[in-house]
Number of protein chains: 2
Amino acid sequence: MTGKTPSERKELIPKESFSEWYDNVLLEAKIADDRYPVKGFTVYTGWGFSVAKRIIAMLEGGLEANGNEPMQFPVVIPEDSFQKEEDHIEGFSGEVFWITHAGENELERRLLLRPTSETAIYPMFKLWLRSHQDLPIKMHQTCNVYRYETKATRPLYRGREFLWNEGHTAHVSYEDSEEEVKAAAKIYQSVYDRLGLSYITLKRPDFDKFAGADYSIAFDTWNPDGKVNQIGTVHQLGYNFAKAFELTYEDANGEQAYATTTCYGMGFGRTLAATIAHHGDDHGLVLPPAVAPRQVVIIPILFKGKEEQATSYAEELYSKLTDAGIRAVLDDDPRFNPGDKYYRWEMYGVPLRLEVGPREARDRKATLVRRDTFEKTLVLESELVEKVHELFDAIFMNLRDKDQAKLESLIVDAYDMNQLRVYMESRMIVRVNWCGDPDCAFNIKDQVSGEIRGTRWDEEEKPTGGCVMCDDEGKYVAYVSRTY
Amino acid sequence: MTGKTPSERKELIPKESFSEWYDNVLLEAKIADDRYPVKGFTVYTGWGFSVAKRIIAMLEGGLEANGNEPMQFPVVIPEDSFQKEEDHIEGFSGEVFWITHAGENELERRLLLRPTSETAIYPMFKLWLRSHQDLPIKMHQTCNVYRYETKATRPLYRGREFLWNEGHTAHVSYEDSEEEVKAAAKIYQSVYDRLGLSYITLKRPDFDKFAGADYSIAFDTWNPDGKVNQIGTVHQLGYNFAKAFELTYEDANGEQAYATTTCYGMGFGRTLAATIAHHGDDHGLVLPPAVAPRQVVIIPILFKGKEEQATSYAEELYSKLTDAGIRAVLDDDPRFNPGDKYYRWEMYGVPLRLEVGPREARDRKATLVRRDTFEKTLVLESELVEKVHELFDAIFMNLRDKDQAKLESLIVDAYDMNQLRVYMESRMIVRVNWCGDPDCAFNIKDQVSGEIRGTRWDEEEKPTGGCVMCDDEGKYVAYVSRTY
């Protein structure tokens with residue numbers, strides 16, 4: 001945040017070595033520190049959490065405009081509430097952390113750390129819901145959830161504690177909850193879009209939907225290691241949860257009726273990981289201006305005897321940018337030379353660098369250097385703010401367009417299992433015709449290093465041949481990929 | 001948030017019956033719901049959490065301007081790290097929740113839910129700190145902490161899960177950490193000041209300081225029930241924690257030296273409770289405009305046949321206020337009459353009500369009603385925004401001044417134990433001369449229904465006589481009060 005913390009200049013790791021690059025960037029750019037002494041629990045450090053806070057604010061703004069009230073539910077759920085939703089328990093019961101003692105005492109009933117909050121929230125919804133006039137009930141909360149993952153953990157991608165926002169809503173009719181599903185999907189997409197992230201919106205196959213959902217929508221984004229990264233999900237729960245929790249209301253005719261419900265969640269760790277992994281380059285992070293904690297770094301280039309000139313001009317430009325609402329930082333730390341500073345702020349992914357030497361001071365100009373392309377532009381001081389905004393837009397559009405092109409280059413079609421196998425080995429996202437039989441899906445998973453993730457939710461795609469597995473009539477176009 | 005949720009109009013409870021009034025306001029104004037099925041764990045509901053979010057943003061803004069980087073540490077601490085700081089354990093070991101199992105497995109080492117985060121944070125600070133150039137390290141985090149309270153819990157005042165912000169800093173010298181203590185105190189005071197809360201800033205007596213601190217500063221505010229409510233603390237930890245956690249760095253001469261550290265915490269539940277309890281009245285909440293989720297509610301007064309006129313004018317005023325950055329809500333719900341709406345929005349404490357009938361529409365005027373005084377002002381539409389801002393300032397100043405006067409009226413001087421006893425029975429905050437001997441403090445606690453909370457930190461007060469307990473020379477002016 002202050003950003004001025006010194007750090008030694010180290011050899012850069014090429015992004016091609018993604019795994020090593022990623023681990024290095026997390027530490028060097030102060031995103032997260034995985035050395036916390038409990039496996040699967042990560043510390044979000046200053047720069048990373050500052051970016052995360054901006055992503056959170058984007059999402060919360062969208063949800064509150066949608067009428068979701070911000071709430072905060074307890075992290076602990078009593079065992080008896082948790083066991084009420086049988087379907088749900090199947091989903092999570094093997095994966096929860098149990099609190100059994102407090103102080104010196106054994107608790108009379110065990111508490112668990114929420115793996116998701118339905119079983120905490122529905123009993124309260126039940127208290128709040130009397131009549132159709134109370135509907136819809138729409139809430140959201142940003143919180144951590146806890147799952148005792150047995151798969152390999154990886155900071156931000158998969159941990160035992162993960163930071164997300166979850167929305168839960170109750171409605172008067174199935175049509176209304178359908179509308180909510182669409183509204184939530186749109187809010188989620190708008191966040192990803194503003195981060196310049198490309199993704200596909202899939203309806204998960206039935207065997208892979210959220211336990212207790214009618215259907216689940218998921219946003220899958222590509223990852224440099226060839227897996228896909230699920231950055232959000234939206235679930236139509238229909239009457240299922242309402243029935244399990246006896247969530248009823250008096251309708252306009254005075255009859256008791258079941259509500260319908262939805263829920264949705266966006267993982268901030270994974271969304272942040274995608275932002276890092278998609279846009280970053282060999283020099284470190286490349287942040288979209290909207291979420292960069294510092295958008296412009298001003299670096300005075302000092303020549304002996306002329307320090308005063310450049311320094312006071314740099315301060316002037318700093319005030320000018322700050323007054324215009326631009327998040328600027330002036331790095332005038334005398335202990336480091338400009339090269340060290342370039343290294344550092346490039347690692348942090350600050351969108352624009354403003355270099356100010358004695359010549360710029362004399363001519364009342366400034367050199368702007370784009371983080372994404374390293375392109376330099378010499379601008380007049382009088383046009384600085386306008387030019388900065390223009391370059392922010394240009395950087396955003398460049399990141400977004402490159403990202404979209406990358407996704408498109410990864411998606412290929414396979415018409416038989418051999419093709420599919422070859423593409424999966426090259427870590428592509430593969431479109432196949434599928435008969436819809438879960439057995440074919442399981443066979444695919446057995447035979448190739450990926451699995452069916454679902455069918456497009458946002459547009460209809462027509463199958464163009466027989467099922468890639470059994471050659472029966474293709475009913476769906478399914479997406480197959482490696483997953484986290 | 002949407003605020004338009006219907007609710008029946010109920011009989012108001014006078015604030016004089018504080019306990020009942022408070023419980024009722026929490027539910028009616030959607031602040032918090034204490035019916036969650038685990039004792040000491042409360043749900044923050046929509047309106048209350050919206051206010052809390054604004055208080056959080058105020059504090060975080062101040063801290064980040066002070067150079068504290070936002071971070072997020074795991075909620076779990078391994079038992080061995082926790083036991084490293086012996087002093088610290090004395091403070092909390094009897095009060096922690098233990099996680100012993102995950103899924104079907106017993107954990108190899110137990111984890112506890114943080115009661116405060118020193119034992120999570122210091123091992124990471126140790127990894128980050130190499131040289132004097134790395135100092136200061138300053139972080140903050142907004143999170144929940146967990147204490148197995150055996151005292152009676154009360155929503156927002158005392159729970160087993162409580163939402164706070166904690167700051168932790170490490171410095172190159174004791175002087176620097178002294179400066180940090182002052183800076184943190186100033187940031188905290190600025191938040192309370194903007195909420196219009198009166199408080200006293202005390203240095204806690206040694207026997208009541210944070211375990212492991214050199215000294216502790218606390219902000220105590222009055223409460224209608226005669227207890228004081230501690231809404232924040234700032235601790236000078238000196239070398240104590242650095243030594244316990246071996247937090248050393250290489251100084252400018254190449255020698256290893258211990259850092260000094262500080263920590264501070266603001267409880268948002270208690271700060272929100274103070275805001276409710278101080279400013280509220282018989283009609284419900286009265287919110288300072290700075291933290292009101294909705295600052296102006298527009299209520300069209302409809303007359304048969306003239307609905308269109310008032311409604312479209314109300315919409316116009318709504319746009320005008322919203323465009324000016326004022327958080328307005330238009331309550332045009334046809335199911336309720338204006339009286340029901342007044343009741344509801346008064347309960348929510350919305351600072352200004354704007355009444356718009358056909359006459360106002362015709363004359364292009366509007367009637368503004370202050371929530372704090374119910375004073376009405378008829379204003380021209382052209383002056384509306386300006387007038388709203390003026391009234392916001394007037395409301396804030398009125399709340400603040402009344403609050404300050406209330407605190408002053410509660411503080412009295414006692415020169416002997418009889419006087420002290422009588423004042424404590426009347427639930428005052430009592431100033432006494434004190435010799436400084438802890439035994440006298442313990443005797444006072446035994447003999448009256450309150451205890452010594454400390455001496456003024458922000459100004460020096462000179463004793464004017466012998467110790468109220470033992471009559472030996474008075475060395476301090478101490479504050480005695482009932483506490484939560």
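Visitor: How many bridges join strand β5 of chain A to β5(B)?

Guide: Strands, like helices, are DSSP runs numbered from the N terminus (strands are E, at least two residues; helices are H or I, at least four), and two strands pair if DSSP finds at least two bridges between them. Here, five bridges join β5 (residues 97-102) of chain A to β5(B), and the two run antiparallel. For one bridge, look at A:Phe97, whose partner in β5(B) is B:Ala102. Keep in mind that this is a predicted model: local features need pLDDT of at least 70, side-chain atom pairs count only at pLDDT 80 or more, and totals for chains, interfaces and linings use all residues. Residues are numbered from 1 along each chain as its sequence is written, with chains lettered from A and ligands numbered from 1 in the order in which they are written.

Visitor: How many residues of chain B are in contact with chain A?

Guide: Two residues are in contact if their C-beta atoms, placed from the backbone, lie within 7 Å. By that test, 51 residues of chain B touch 51 residues of chain A. On the chain B side, β5(B) gives the largest share, six residues.

Visitor: And which classes do the residues on that side of chain B divide into?

Guide: Ala, Val, Leu, Ile, Met, Phe, Trp, Tyr, Cys and Pro count as nonpolar, Asp, Glu, Lys and Arg as charged, and the others, Gly among them, as polar. The side of chain B that touches chain A has 28 nonpolar, 14 polar and nine charged residues.
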